[in-house]
Amino acid sequence: MTKQLWAPWRLEYIQHADEFDGCVFCRASDGPDEELLVVHRGESAFVLLNRFPYASGHVMVAPYRHVGDFGGLDAAESLETHRLAAGAMEALAAVFSPEGYNVGWNLGRVAGAGIVDHVHLHVVPRWSGDTNFMPVLADVKVLPEHLSETRAKLAAAWSPADG
Ligand SMILES: [Zn+2]
């Protein structure tokens, strides 16, 4: 079966690949939000769209601090990361009405982490009938909406009660 792929952000990635040295989370921790796809900023952690998403609205929550060890997160970072994941789900519910979520940490290359030295929590919205979580890691997926639009909608839908 031939898979059709229309994914302009993949082309952007190829065009800008050599500008992507260093840590994407550290770079995104310091703005500008629109260009770096940051949805929301907390005190010690922030929410950004995954530039290479498994599904529409796939966001990640990361501490600002460059830390690769899950156990190295301090109490404030741990708490805020989870609170921001909850906030992201609320914003996603308002914008995309997903029917469920996969929320999780990929720790280490063998576990599927693309970036191993800055821990981050994935929040992936799910709909019945969408692709299973593991096969979509193959990174060939047609997505209906461009990332900058998704970012703007989620940022606007963020509830002030969620930090
Ligand atoms: Zn980093």
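Is Arg126 buried or exposed? At a relative accessibility of 17%, Arg126 counts as buried, because the limit for that class is set at under 20% relative accessible area. The model in which this residue is seen is a predicted one.

## Overall layout

The protein chain holds five helices and five strands, and, read from the N terminus, these elements follow the order α-α-α-β-β-β-α-β-β-α. Of its 163 residues, 39% count as buried. Among the contacts in the protein chain with a separation of 6 or more, 63% are accounted for by residues 24 or more positions apart.

Arg126, with which this report opened, lies in strand S5. The C-alpha atom of Arg126 is separated by 9.5 Å from that of Gly57, although the two residues are 69 residues apart along the chain.

Of the two histidines, His66 belongs to the loop between strand S3 (59-63) and helix H4 (75-96), while His118 belongs to the loop between strand S4 (100-105) and strand S5 (121-126), so the pair ties together parts that are 52 residues apart in sequence.

His118 counts as buried, with a relative accessibility of 0%, whereas His66 is partly exposed, its relative accessible area being 41%. In the cysteine pair, Cys23 is buried at 14% relative accessible area, and Cys26 is partly exposed at 28%. The count of disulfides in the model comes to zero.

In soluble globular proteins, nonpolar side chains tend to be buried together. In this model the largest nonpolar core has 18 residues, and those with the most contacts inside it are Val47, Leu49, Val59, Leu154 and Trp158. Two or more residues of this core are given by each of strand S2 (45-49), S3, H4, S5 and helix H5 (147-157), and the largest share, six residues, comes from H4. Apart from this core lies another one of nine residues, which includes Ala28, Val38, Leu48 and Met60.

When its neighbours within four places in sequence are left aside, Leu49 is in contact with Leu37, Val39, Gly57, His58, Val59, Met60, Leu147, Thr150, Arg151 and Leu154.

## Aromatic pairs

A pair of aromatic rings is described by the distance of the centres and the angle of the planes. The model has two aromatic pairs. Phe46 and Tyr64 form a stacked pair, with 5.1 Å from centre to centre and 0 degrees between the planes. Because Phe46 lies in strand S2 and Tyr64 in the loop between S3 and H4, this pair ties together parts that are 18 residues apart in sequence. Phe46 counts as buried at 0% relative accessibility, while Tyr64 counts as partly exposed at 22%.

The pair formed by Phe70 and Trp105 is edge-to-face, with 4.9 Å from centre to centre and 75 degrees between the planes. Phe70 lies in the loop between S3 and H4 and Trp105 in strand S4, so parts that are 35 residues apart in sequence are tied together by this pair. Phe70 counts as partly exposed, at 39% relative accessibility, and Trp105 likewise counts as partly exposed, at 21%.

## Backbone with positive phi

Most residues other than glycine have a negative phi. Leu37, which is not a glycine, has a positive phi of about 65 degrees. Leu37 is placed in the loop between helix H3 (33-36) and strand S1 (38-41), and it is buried, with a relative accessible area of 4%. Ser97 also has a positive phi, near 45 degrees, in a residue other than glycine, and the place of Ser97 is in the loop between H4 and S4.

Note on methods. Residues are numbered from 1 along each chain as its sequence is written. This is a predicted model: local features need pLDDT of at least 70, side-chain atom pairs count only at pLDDT 80 or more; totals for chains, interfaces and linings use all residues. Side-chain values use heavy atoms; hydrogens and water are left out. Helices (H or I, at least four residues) and strands (E, at least two) are DSSP runs, numbered from the N terminus. Buried means under 20% relative accessible area, exposed over 50%, partly exposed in between (1.4 Å probe, protein chains only). A nonpolar core is a set of buried Ala, Val, Leu, Ile, Met, Phe, Trp, Tyr and Cys residues joined through side-chain atoms within 4.5 Å. Contact means heavy atoms within 4.5 Å. A disulfide is a pair of cysteine sulfur atoms within 2.5 Å. Rings of Phe, Tyr and Trp (its six-membered ring) pair if their centres lie within 6.5 Å; planes under 30 degrees apart count as stacked, over 60 as edge-to-face and the rest as tilted.
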